[in-house]
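Subject: Structure handover

Hello,

Here is the structure I promised to pass on. Please open it first, then read the notes below it.

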Amino acid sequence: MRGSNRNGVWGYTQVLPVRVLAAWYQTSAIKLLEVLGAIALMFGLIQIRTTVLRRRQRELQLLIDERTASLTQRTHELQQSELQLERIAYFDELTQLPNRRVFKGRLDELLAAGPSRSNSFAVLLIDLDRFKQINDTLGHEAGDQLLREVADRLRQSVVEQDTVARLGGDEFAC
């Protein structure tokens with residue numbers, strides 16, 4: 001250290017030990033705390049993000065489960081509808097007998113197989129006489145009941161491999 005008076009005369013030089021301490025925010029302990037704080041902040045942000053992602057995953061899984069259940073239900077409904085359409089296409093709704101289409105298909109199969117001793121068959125066509133009078137006098141419900149009864153009796157009169165079909169109206173075939 002050196003000093004001067006008012007006249008500008010310099011005095012002797014003296015050495016004084018001066019120790020300058022760092023500010024509190026510049027100390028190594030604070031630097032360590034800053035690093036630890038940054039790590040803790042990153043860890044906290046990762047935890048928050050993980051929690052958000054897990055919550056979103058649960059929500060999406062619930063949505064997937066709901067849609068899967070819905071699609072399963074729709075598939076079941078479509079299969080039931082398909083079975084119902086097939087039933088309507090091939091069976092008479094009133095008598096539950098095969099319809100004209102099924103009968104013709106089975107007859108075509110027999111004819112295509114060709115004649116043989118084990119493949120002989122007969123075709124019986126049945127038409128109910130005066131059926132229109134029953135409908136006109138007793139009503140359509142009575143006519144429907146008669147058709148169901150005829151179908152049941154024909155079904156009971158044949159063996160299992162035979163085909164009984166309602167061709168339409170009051171016409172049946174065996």
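Start with Arg-148, which is partly exposed, at a relative accessible area of 27%. Here buried means under 20% relative accessible area, exposed over 50%, and partly exposed in between (1.4 Å probe, protein chains only). Its partner is Glu-141, and the two side chains meet in a salt bridge, 3.4 Å from N to O. Glu-141 is exposed, with a relative accessible area of 56%. A salt bridge here is a side-chain nitrogen of Lys or Arg within 4 Å of a carboxyl oxygen of Asp or Glu.

Before you go on, two notes on the source. This is a predicted model: local features need pLDDT of at least 70, side-chain atom pairs count only at pLDDT 80 or more, and totals for chains, interfaces and linings use all residues. Residues are numbered from 1 along each chain as its sequence is written, and side-chain values use heavy atoms, with hydrogens and water left out.

The structure holds seven salt bridges. One of them joins Lys-132 to Asp-136, with the closest N and O atoms 2.8 Å apart. Both residues lie in helix H3 (residues 131-138), four residues apart, about one turn of the helix. Helices are DSSP runs (H or I, at least four residues), numbered from the N terminus. Lys-132 and Asp-136 are both exposed.

Another links Glu-59 and Arg-56, at 3.5 Å between the closest N and O atoms. These two are three residues apart in helix H1 (residues 28-90), so about one helical turn separates them. Glu-59 is partly exposed at 40% relative accessibility. Arg-56 is partly exposed too, at 45%.

Rings

There is one aromatic pair. The rings of Trp-24 and Tyr-25 have centres 5.7 Å apart and planes at 90°, so the pair is edge-to-face. For Phe, Tyr and Trp (its six-membered ring), a pair needs centres within 6.5 Å; planes under 30 degrees apart count as stacked, over 60 as edge-to-face and the rest as tilted. Trp-24 is exposed at 63% relative accessibility, while Tyr-25 is partly exposed at 46%.

Two charges also deserve a look. The charged end of Arg-2 sits over the ring of Trp-10, 4.7 Å from its centre. The charged end of Arg-87 sits over the ring of Phe-91, 4.4 Å from the ring centre. The test is NZ of Lys or CZ of Arg within 6 Å of the ring centre and within 35 degrees of the ring normal.

Best wishes
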